[in-house]
Amino acid sequence: MKVLSVVHGPEARAELFGPVVERAGHTLDEWSFSWGRKPPRPLDSYDAYMVFGGAMHPDQDDMHSWISEEIAWLAQLIADRRPTLGVCLGVQLLARAAGAEVLRLDVPEIGWIDVELSENGAADAVLGALPARFPALVWHQYTYGVPAGAVELARTDRTTQAFRLGDACWGVQFHPEVTAIQLDRWTADFEDPPPDPQRMHAETRVHIGAWNALGRTLCDAFLEASSRLLLAA
């Protein structure tokens, strides 16, 4: 398959997912609506799409003029049943594209926090590849409403963490693509640092190996689901 990675800044790219895509025999291009130039190939020529995070927020249309263009494009992906996976900002933009509300949390959710699959999540072709409950890396100031017609797949105690819309679109609020090096950069550079950086570093040392294994599993599951959808089309 030809896979497109849509990014929103150098701090949140495909990271762990890139080698998984290539190892599975697929090609991966990277592009951003914010770059102001054409993608490597026509957007509708790709077989699957991954939309990653970023330091901006999903309602900052006045600060980032490309957000409205990206949301319109995501709405078309949903309408056309194109295999899509949104991560963090990506899932928030997918939710907006599907007509759901996004809103700022009173207290950001940052750190290693337990995520639990719903019954629908456990049975899902993509999220069902993960354990029923697992410590996940979350880092977000916003949350989203589950779109009308979507199925919620996972939650923390406070927020929704994943949904599936139709049979081709998935979104996760947690960061399955994150690496230890990437987290070090975020902790040092982001305007919304973790409340306890030392605790974050200590917990990352404990969790990152197993977390990266789950990230590869999730990416593989999305690629396999995308391949099945394409074959059935």
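These are numbered comments on a predicted model, taken up region by region.

1. **The cavity.** The structure holds one cavity of 30 Å³ or more. The space inside the largest cavity comes to about 30 Å³. Its lining is made up of Leu183, Asp184, Thr187, Met200, His201 and Thr204. Two elements, α5 (180-189) and α6 (197-232), each give two or more residues to that lining. Sorted by class, the lining has two nonpolar, three polar and one charged residues.

2. **The second largest pocket.** Ile110, Gly111, Trp112 and Ile113 are among its lining residues, and so are Pro194, Pro195 and Asp196. Arg199, Met200 and Glu203 also belong to the lining. The elements giving two or more residues here are β5 (102-117) and α6. β5 supplies the largest share, four residues. By class, the pocket lining has six nonpolar, one polar and three charged residues. Note Met200: this residue lines the largest cavity and also the second largest pocket.

3. **Helix α3.** The buried ones are Leu89, Gly90, Val91, Gln92, Leu93, Leu94, Ala95 and Ala97. Just after α3 comes Gly99, with a positive phi of about 95°.

4. **Leu218 in α6.** Leu218 is found in helix α6. Its relative accessible area is 0%, so Leu218 is buried. Setting aside neighbours within four places in sequence, Leu218 is in contact with Val126, Leu127, Leu130, Phe174 and Pro176. Along the sequence, Leu218 and Leu231 are 13 residues apart. In space, their C-alpha atoms are 20 Å apart.

5. **Cysteines.** How many disulfides does the model have? The count comes to zero. A disulfide needs two cysteine sulfur atoms within 2.5 Å. The closest cysteine sulfur to that of Cys169 is in Cys88, 15 Å away, which is too far for a bond. Cys219 is in no disulfide either; its nearest cysteine sulfur, that of Cys169, is 16 Å away. Cys169 is buried, with a relative accessible area of 4%. Cys219 is buried as well, at 0% relative accessibility.

6. **Ser32.** Ser32 sits in the loop between β2 (27-31) and β3 (48-51). Is Ser32 buried or exposed? With a relative accessible area of 1%, Ser32 is buried. Its side chain reaches the backbone oxygen of Val7 at 2.8 Å. The Ser32 side chain also makes a polar contact with the side chain of Ser34, at 2.7 Å. Beyond its neighbours within four places in sequence, Ser32 is in contact with Val7 and His8.

7. **Thr156.** The loop between β7 (151-155) and β8 (160-165) holds Thr156. At 5% relative accessibility, Thr156 counts as buried. A polar atom of its side chain lies 3.1 Å from the backbone nitrogen of Arg158. Leaving out neighbours within four places in sequence, Thr156 is in contact with Glu109, Ile113, Asp114, Val115 and Gln161. Of these contacts, Ile113 is also one of the residues lining the second largest pocket.

8. **Positive phi at Glu15.** Glu15 has a phi near 50°, a positive value in a residue other than glycine. Glu15 lies in the loop between β1 (2-6) and α1 (17-23). Its relative accessible area is 24%, so Glu15 is classed as partly exposed.

9. **Positive phi at Arg81.** Arg81 is another residue other than glycine with a positive phi, near 55°. The loop between α2 (66-79) and β4 (84-87) is its place. At 51% relative accessibility, Arg81 counts as exposed. The cut-off for that class is over 50%.

How values were computed. Residues are numbered from 1 along each chain as its sequence is written. This is a predicted model: local features need pLDDT of at least 70, side-chain atom pairs count only at pLDDT 80 or more; totals for chains, interfaces and linings use all residues. Side-chain values use heavy atoms; hydrogens and water are left out. On a 1 Å grid over the protein atoms alone, a cavity is a set of points where a 1.4 Å probe fits but cannot get out, and a pocket is an open set with protein on both sides within 12 Å along at least five of seven lines; lining residues have an atom within 4 Å of a point. Grid points are joined across faces, edges and corners, and a volume is the space filled by probe spheres set on the points. Ala, Val, Leu, Ile, Met, Phe, Trp, Tyr, Cys and Pro count as nonpolar, Asp, Glu, Lys and Arg as charged, and the others, Gly among them, as polar. Buried means under 20% relative accessible area, exposed over 50%, partly exposed in between (1.4 Å probe, protein chains only). A polar contact is a pair of N or O atoms within 3.5 Å; within protein, one must be able to donate a hydrogen and the other to accept it, and residues adjacent in sequence count only if both atoms are side-chain atoms. Contact means heavy atoms within 4.5 Å.
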